[in-house]
Amino acid sequence: MLRVLVVDDIPAVASLHGRFVSVHPECELVGTAGSGPDAVEAIDRLRPDLVLLDVHLPGFSGLDALRAVRGDAGRPQPEVIAVTAARDVDTVRTARLMGVQHYLVKPFTAGDLHARIDDVVAERRSSAAVAGSLDQQGVDAVLRPLSRRPLPKGLSRPTLDLVRSALVELGSASASEVADRLGLSRVSCRRYLEHIAEDGTCTRSLDYSTAGRPSTRYTVVAPAP
């Protein structure tokens, strides 16, 4: 479970983003902050795993708050999703240099935020998902070269790798089963599984044993000997 701090100087926006966080199954909202100094204090006090950090803040900017945190190894070092209306190249570049991997331009939807949170969850779990859980054939299936064509908008390589490794472990699964295993959303997992199927790593089939509409099952294609 990710402990999340929301930082925004507009209370209504902070409340909205907090609601977005609270409905994600892997998140717990632990607090909000409305200024640069308050953000640093809240990080020290609450020790969040993830911070949704606005850039333009009173007191000093979100980037200055992040600079203060990153510059002190004794402080907690949370993951950061920059959430801001700032679109200029210098702001984005500076955020990247300070280790910000995810950047959301306001306004955004709950789905947009959840996709970035899913990436953070995937990055935290990816090493554990592979280590000690697959035999050699499974590892080869996960790591074998695949098409490096650009990913569709909204997909990321870390989450793709995590979904692929989960499918290899299961052998055959529906999007719901992969989502339950990883703690990600079913819709997000289905998009990744469809991409994996298009790359030829797995095949699709319809499962008519489920109640109501048939579900799609994804089955791993065994690596060539």
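Contact means that heavy atoms lie within 4.5 Å. Keep that in mind for what follows. This is a predicted model, in which local features need pLDDT of at least 70, side-chain atom pairs count only at pLDDT 80 or more, and totals for chains, interfaces and linings use all residues. Residues are numbered from 1 along each chain as its sequence is written, and side-chain values use heavy atoms, with hydrogens and water left out.

Start with His24. His24 sits in the loop between helix 1 (11–22) and strand 2. Helices (H or I, at least four residues) and strands (E, at least two) are DSSP runs, numbered from the N terminus. Setting aside residues up to four places away in sequence, His24 touches His114, Ile117, Asp118 and Gly183. His24 counts as buried because its relative accessibility is 4%. Buried means under 20% relative accessible area, exposed over 50%, and partly exposed in between (1.4 Å probe, protein chains only).

Now take the whole chain. It has nine helices and eight strands. Of its 225 residues, 44% are buried. Among contacts between residues at least 6 apart in sequence, 62% join residues at least 24 apart.

Next comes strand 2, which holds Glu28. At 39% relative accessibility, Glu28 counts as partly exposed. Glu28 touches Met1, Leu2, Arg3 and Val4, with residues up to four places away in sequence not counted. Glu28 and Leu5 are 23 residues apart along the chain, and their C-alpha atoms are separated by 8.9 Å.

Move on to helix 2, residues 36–46. Its buried residues are Gly36, Ala39, Val40, Ala42, Ile43 and Leu46. Seen down the helix axis, these residues fall within an arc of 165°, so they line one face of helix 2. The arc is that of the directions from the helix axis to the C-beta atoms. An α-helix has 3.6 residues a turn, so residues three or four places apart point the same way. What covers the buried residues of helix 2? The cover includes strand 1 (2–7), strand 2 (27–33), strand 3 (50–53) and helix 3 (62–70).

Look at the two ends of helix 2. Ser35 caps the N-terminal end, with a side-chain oxygen 3.1 Å from the backbone nitrogen of Asp38. Just after the helix, Arg47 takes a positive phi of about 50°.

Helix 8 (residues 175–182) and helix 9 (residues 186–198) pack at an angle of about 115°, with their axes 8 Å apart. Axes are lines fitted to C-alpha atoms, for helices over the stretch in contact, and angles run from 0 to 180 degrees between N-to-C directions. Ala175, Ser176, Val178 and Ala179 in helix 8 meet Arg186, Cys189, Arg190 and Leu193 in helix 9. The residues of this contact divide into five nonpolar, one polar and two charged. Here Ala, Val, Leu, Ile, Met, Phe, Trp, Tyr, Cys and Pro count as nonpolar, Asp, Glu, Lys and Arg as charged, and the others, Gly among them, as polar.

Finish with two serines. Ser174 is in strand 6 (residues 172–174). It is buried, with a relative accessible area of 9%. Leaving out residues up to four places away in sequence, Ser174 touches Leu193, Thr216 and Arg217. Ser205 is in strand 7 (residues 202–207). At 38% relative accessibility, Ser205 counts as partly exposed. Beyond its neighbours within four places in sequence, Ser205 is in contact with Ser215, Thr216 and Arg217.

Terms used: A polar contact is a pair of N or O atoms within 3.5 Å; within protein, one must be able to donate a hydrogen and the other to accept it, and residues adjacent in sequence count only if both atoms are side-chain atoms.
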